[in-house]
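Have a look at the structure first, then read on.

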Amino acid sequence: MRTIFLHLHPARVNEASIHFNRTFGLGGMVALLIVIQIITGILLRFYYTPIPAEAYNSVVFTKNQVLFGQFIRNIHYWSGVFLLLITFLHFMRVFLTGAFREERKINWLFGLVLLLLIVLLNFTGYLLPWDQLAYWAITVSTNIIGYLPLVGESIRTMIIGGKELNADTLRTFFTFHTAVLPFLLLLLVLYHFWRVRKAGGILVPETVEKPEMVPTMPNLVFKEFIVALVLIAVLFIFAAVFNAPLLEKANPSYSLNPTKAPWYFAGVQELLMHFHPLFAAFIIPISVVAFMAWIPFIKYDDSPNGHWFISEPGRKSSENTAKYAAIVTLAGILFNEYVLNFEVLLSPIPAFISNGILPLLILIGFMAGFNKYYLKKLSLSKAELVQAVFVFIIVAFIVLTLVGIFFRGKDMALTFPWNV
Ligand code: HEM
């Protein structure tokens, strides 16, 4: 065991890097969840049949007839959800401690690819039960691709292997979910770990001249063990109390109302309610991803210091940006829903302008105004300014996602969660 751990970690680590509030053990949790996903996935695979006529019944059989079948299925489902949520938190922790610059920038980029792979793993797994929820969620999500001008329809047809979901779609999703994506994920995770070691471990604030180095075993490994036990306990409680959803068998001629995309695409689906599809499904999401990939390459005037939020003004500006972003996003949703719809109001103008360029310019105007009247007063450094933009985007995304999941009901109208 000692040798295995010492392959993952150096023999000694900086004492400051193992304080819990440095990383919250998030990266380690993600690694553990990947292992749990693989083990439970293999167990489920013994009974699952990836053809539309049998997939649903094979899941029902696993759930009702196989010893611990329901429990294993629940663990697989919940660890998939946790995996995405905790990877997202890890991504935010890395950013907010400034650990994405200089020798860590390549790892940041590979981290973004890992995040994408985890979204795709969740997405391809979503279809496998072949129930109403799976069928219609994947139908609306893949329909979004069709909004891309000129090539959208062809790409969509290529991904699902036809005009609507069919046996080829299920086979393709199954193969990606159980072979292609896990293989790529494992490969990249190993590379990711290697780069963390190559960068000299976790970024820590330089408070003392000579850092105190302590043996990894037991100092770090013991803490990792505790985090792992707590995570497994929480996961098992979730799996014991909440069953993974399973509606009736997929029925292509009877759609669900509301038809919602999987929860992690609820933010994009919410954007589609307010923006022209080209903006909601492509221009905005692609710009956000491009921004995330670009931030390590911006020229900053200082070096990363490893402090949460960089500095006191950095913390204050992030806090107020978060509040501002939440209010602007919520107000924008309500305004567009109940007060004014640009597409209807300016109907002779092409929707691409009235419902795309115009609201986007208004949103950028709100960000610029905030910069001019508030952020400038704090005389932030470039890194602190980029941090404020990051916080704005993340909070807006979270608000859109929460509204999409909890506040959209029949016909996708706004409603309260208890009416959804
Ligand atoms: C499969 C997904 C991932 C796994 C298993 C993973 C695992 C880890 C682990 C174990 C660490 C060491 C410290 C810690 O626990 O935080 C780490 C550090 C790091 N991760 Fe990840 N990670 C994943 C995804 C990501 C993502 C999505 C990003 C960002 C886009 C990212 C960027 C980084 C960077 C830059 C470091 C170095 C941080 C520092 O030096 O403080 N990782 N990762």
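At 18% relative accessibility, H90 counts as buried, where buried means under 20% relative accessible area, exposed over 50% and partly exposed in between, with a 1.4 Å probe and protein chains only. H192 comes out at 14%, so H192 is buried too. Bear in mind that this is a predicted model: local features need pLDDT of at least 70, side-chain atom pairs count only at pLDDT 80 or more, and totals for chains, interfaces and linings use all residues. Residues are numbered from 1 along each chain as its sequence is written, and side-chain values use heavy atoms, with hydrogens and water left out.

What do H90 and H192 do at the ligand's iron atom? Both are protein donors to the iron through NE2, lying 2.0 to 2.1 Å from it (donors are N, O and S atoms within 2.8 Å of the metal, or 3.2 Å for Na, K and Ca; water is not among the atoms, so sites may look incomplete). The pair links distant parts of the chain, with H90 in helix α5 (residues 69–96) and H192 in helix α9 (residues 167–198), 102 residues apart. Helices here are DSSP runs of H or I, at least four residues, numbered from the N terminus. The six donor atoms around the iron subtend angles of 88 to 178°, so the arrangement is octahedral; for six donors that takes opposite ones over 155 degrees apart and all others between 65 and 115.

## How α5 packs on α6

The axes of α5 and helix α6 (residues 105–127) come within 10 Å and cross at roughly 160°. Axes are lines fitted to C-alpha atoms, for helices over the stretch in contact, and angles run from 0 to 180 degrees between N-to-C directions. That makes α5 and α6 roughly antiparallel, a label for angles over 145 degrees.

On the α5 side, the residues that meet α6 include L84, F88 and F91; their counterparts in α6 include W108, L112 and L115. Contact means heavy atoms within 4.5 Å.

F390 sits in helix α16 (residues 382–406) and is buried, with a relative accessible area of 1%. Leaving out residues up to four places away in sequence, F390 touches F91, F95, F291, M292 and I295. The C-alpha atoms of F390 and F291 are separated by 8.8 Å, although the two are 99 residues apart along the chain.

With the sequence neighbours up to four places away not counted, Q387 touches F95, L96, F309, I310, G314 and S318.

Notes: Tetrahedral: all angles 85-135°; square planar, octahedral: opposite > 155°, others 65-115°. Helix = DSSP H or I, 4+ residues; strand = E, 2+ residues; numbered from the N terminus. Parallel < 35°, antiparallel > 145°, perpendicular 65-115°, else oblique.
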